[in-house]
Amino acid sequence: MIKFPQNNKKEGKKQLAEKQLKELVFSQQLEEGAKLPSERTLSQMLGISRNILREAIVSMADQGILEVRERQGIFFKNAKGYGVAMDSLRTLQMLPDDFIFFQFEVRMIISVPAARLAAIRRTDEDLRKLEDCLESFINCPYSTAEEQIQSAKWDSLLHHMVMEAAHNPMLSRINESIDTLVEKNNLLLHPSLSHEEGWVQHIQQQHAQIISAIKTHDAETAGSILRQHMVESIQAISEKRPDLVSQKRLLQLELLY
């Protein structure tokens, strides 16, 4: 049975910093769009290093609580009602085989149409972020366990950015609630799949094709390749670990779209 990785000391510090930052933010009863103090001020107020603070800020930005604007600062986003939904997903209890299948099923349902929307609505800034993230993903080595974890994070970030490029705030909010599960899935599966010859290069190429289709506003191709990418991923998992994804469930997933 797959076990989720245990938090290390640094991760524990980040979680504590995130808790402190949330308490500070919500105690201020800020309006949507309100600007927070600078990183330096926040780190002094909370008594934590700026590196740990940045990790907490990134995590809260992923959750839709904060927004980091380049050269402008950190801003509060209206997270009313979101925390409950997020906490319910984080504490969702299920067996590993259920987790793997159901999170792929949900992602297929929302990610494929989102890729098509991204091809229609993306901005030049969206494209720049996607291409920068792809470059980091491609250049990330994956020989050691630490490198595989980082590669998995670049992968999940790319999927997140595609979703954001769809410019549908409701879709973004839904995606925010499963981002943690997507990253957890990648951390669980990337180490085993990355040892397959040519696998990492193959998925990197698929990501490049998706971004190319988004760049040229080719909605049909963007959605088609993302669907192919996800189907091939779950097929690879089923071949290596049929105890996690049965052929019956695999067939159900392949029938989507």
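Me: Which residue lies over the face of Phe-104?
Reply: Arg-107 does, at 5.4 Å from the ring centre. A charge sits over a ring if NZ of Lys or CZ of Arg is within 6 Å of the ring centre and within 35 degrees of the ring normal. This is a predicted model: local features need pLDDT of at least 70, side-chain atom pairs count only at pLDDT 80 or more, and totals for chains, interfaces and linings use all residues. Side-chain values use heavy atoms, with hydrogens and water left out, and residues are numbered from 1 along each chain as its sequence is written.

Me: And what lies over the face of Phe-75?
Reply: Arg-69, at 3.8 Å from the ring centre.

Me: New topic. How many helices and strands are there?
Reply: The protein chain has eleven helices and two strands. These are DSSP runs, numbered from the N terminus: helices are H or I with at least four residues, strands E with at least two.

Me: What order do they come in?
Reply: Along the sequence, the pattern is α-α-α-β-β-α-α-α-α-α-α-α-α.

Me: Why does the span of H9 agree with its 17 residues?
Reply: At 1.5 Å a residue, residues 199-215 should span 24 Å, and the end C-alpha atoms are 24 Å apart. The expected span is 1.5 Å times one less than the number of residues.

Me: Which residues of H9 are buried?
Reply: Among them are Trp-199, Ile-203, His-207 and Ile-214. Buried means under 20% relative accessible area, exposed over 50%, partly exposed in between (1.4 Å probe, protein chains only).

Me: What comes just after H9?
Reply: His-217 takes a positive phi there, about 60°.
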